[in-house]
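The sequence and the model are shown below.

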Amino acid sequence: MRYHVLTLFPEMIDQAANTSILGRAVKNGSIQVETTNIRDYSANKHMRVDDYPYGGGAGMVMEAEPVYRAYEAVKEKIGHKPRTIYLTPQGKVLNQTMVEEFALDEDLVLICGHYEGIDERVLEEVVTDYVSIGDYVLTGGELGAMVMIDAISRFVPGVLSNEESSQFESLQDNLLEYPHYTRPEVWHEKRVPQVLLSGDHKRIEAWRYEQSVLRTTERRPDLLRKSYRVHCAFYGGMESGAGQLNEALSRYGTLLDFNRKKLRKQRYHFERQDLLVVMVDEEILKNPGEPEAFSNVRGKKTPCMAVITTQEEQLGQVEEKLKAMFDKQGFLYKKTYHLPSLEKVDKLNEIALDIRRKMEEIHEK
Ligand code: ADE
């Protein structure tokens, strides 16, 4: 990952980017943090970069031309029009899904404003994303840029060691993490919860989930409203893909194998707070002469999406069939993804990210 930061205060970025985990990542080459001083591109012999606002009012506005020239120099180096983020309290408030999506890019340009902001006309020409790091106003975009670089870099291979990287992300499920404990077993007369000493992984996992929900209810009810339980159901030879998708979507997701007759015959009821993702291949078109794969599942306005690995030509037919069936059975069929082959691991992760984005959209409505 290469970050290109356009700023009037490059030393602020350089300081932070060369410290701690980010500093190590820069040293080992996993990330590059390059700063461009906008002042070096001033069109003015006094190196001025700001001017009074048209229409009057307090403060100064950064001129379009120096920002544009700095941007053009960076764009030239990258070789194409890059994803370009302007840090502003008027942007979309940064969240974990956005962070993981930004991490997929190879180059990110971050523009930091100062004073009252930047001349609107250059923003219109170069900015692809407006991002805020929270509903408060900073003196400039640099701290926002560093927050983004820090959060995004956690998803860049080679930045975190095995020990530092958690396989499951807190917030991925819109749930806060459960409480953590380490030795000693008793401290200030407080005992570590007994279940954690039991060695029973199933019980421990159930306890952690319960604690996560409790914590989120108490501390972040707004997050809880956006959380949903993931169920990945598969039919045909999709087991490994469904398992991987399930893990990419949720720490607590369930995996349902609809190749098993018993499962197909059983009634399955899903709620509004659930998300059903079905993964199928061309087997689904073969109609095995018994109740069809998913004919016994029922939803209550439950969002539903499908990942299909068939030939391109069969895609439309499978999609139509699934959509008609799930809508009839009480689901809200939202989206179809085509996965050309199960070997495409990156593609599955991209699909997982898009599903999360889609669920955010649904909850925003
Ligand atoms: N610049 C000023 N305030 C900001 C904020 N909240 N987020 C990102 N950039 C900013």
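Helix 12 has 20 residues and spans 29 Å between its first and last C-alpha atoms, close to the 28 Å expected at 1.5 Å a residue. That expected span is 1.5 Å times one less than the number of residues. Helices (H or I, at least four residues) and strands (E, at least two) are DSSP runs numbered from the N terminus. The model is predicted: local features need pLDDT of at least 70, side-chain atom pairs count only at pLDDT 80 or more, and totals for chains, interfaces and linings use all residues. Residues are numbered from 1 along each chain as its sequence is written.

**Helix 12 and its surroundings**

The buried residues of helix 12 are L348, I351, A352, I355, R356 and M359. A residue counts as buried if 20 or more other C-beta atoms lie within 10 Å of its own, as exposed if 12 or fewer do, and as partly exposed in between, with C-beta atoms placed from the backbone. Viewed down the axis of helix 12, the buried residues fall within an arc of 140°, so they line one face of the helix; the arc is that of the directions from the helix axis to the C-beta atoms. An α-helix has 3.6 residues a turn, so residues three or four places apart point the same way. The face turned away from the buried side of helix 12 carries the exposed residues D346, E361 and E364. Among the elements that cover the buried residues of helix 12 are helix 4 (96–102), helix 9 (239–249), strand 13, strand 15 and strand 16.

Five strands form an open sheet in the order 11-10-13-15-16, with parallel pairing. Two strands pair if DSSP finds at least two bridges between them. Strand 11 (254–257) and strand 16 (331–338) are the edge strands, each pairing on one side only. From one strand to the next, the twist averages 20°. Axes are lines fitted to C-alpha atoms, for helices over the stretch in contact, and angles run from 0 to 180 degrees between N-to-C directions.

Helix 11 (residues 312–328) packs on this sheet, touching strand 13, strand 15 (302–309) and strand 16, and its direction makes about 165° with that of strand 16. Helix 12 (residues 345–364) also packs on the sheet; it touches strand 13, strand 15 and strand 16, and its direction makes about 160° with that of strand 15. Contact here requires C-beta atoms, placed from the backbone, to lie within 7 Å.

| Strand pair | Bridges and sense |
|---|---|
| Strand 10 (residues 229–235) and strand 13 (residues 274–281) | Seven bridges, parallel |
| Strand 13 and strand 15 | Six bridges, parallel |
| Strand 15 and strand 16 | Seven bridges, parallel |

H231 stands opposite L276 in strand 13, the bridge partner of D281 in strand 15 is T309, and I308 has H338 as its bridge partner in strand 16.

Strand 15 is mostly covered, with eight of its eight residues buried. T302, C304, A306 and I308 point one way from strand 15, whereas P303, M305, V307 and T309 point the other way, and all are buried.

Within strand 6, V109 is the bridge partner of T84.

**The chain as a whole**

The secondary structure of the chain comes to 12 helices and 16 strands. The chain is divided into domain 1 (2–153), domain 2 (168–227) and domain 3 (228–357), with bounds from an automatic or database domain assignment. The C-alpha centres of domain 1 and domain 3 lie 40 Å apart. The C-alpha atoms fill a box of roughly 80 × 65 × 40 Å along the principal axes. Of the 365 residues, 32% count as buried.

Conventions
Contact = placed C-beta atoms within 7 Å.
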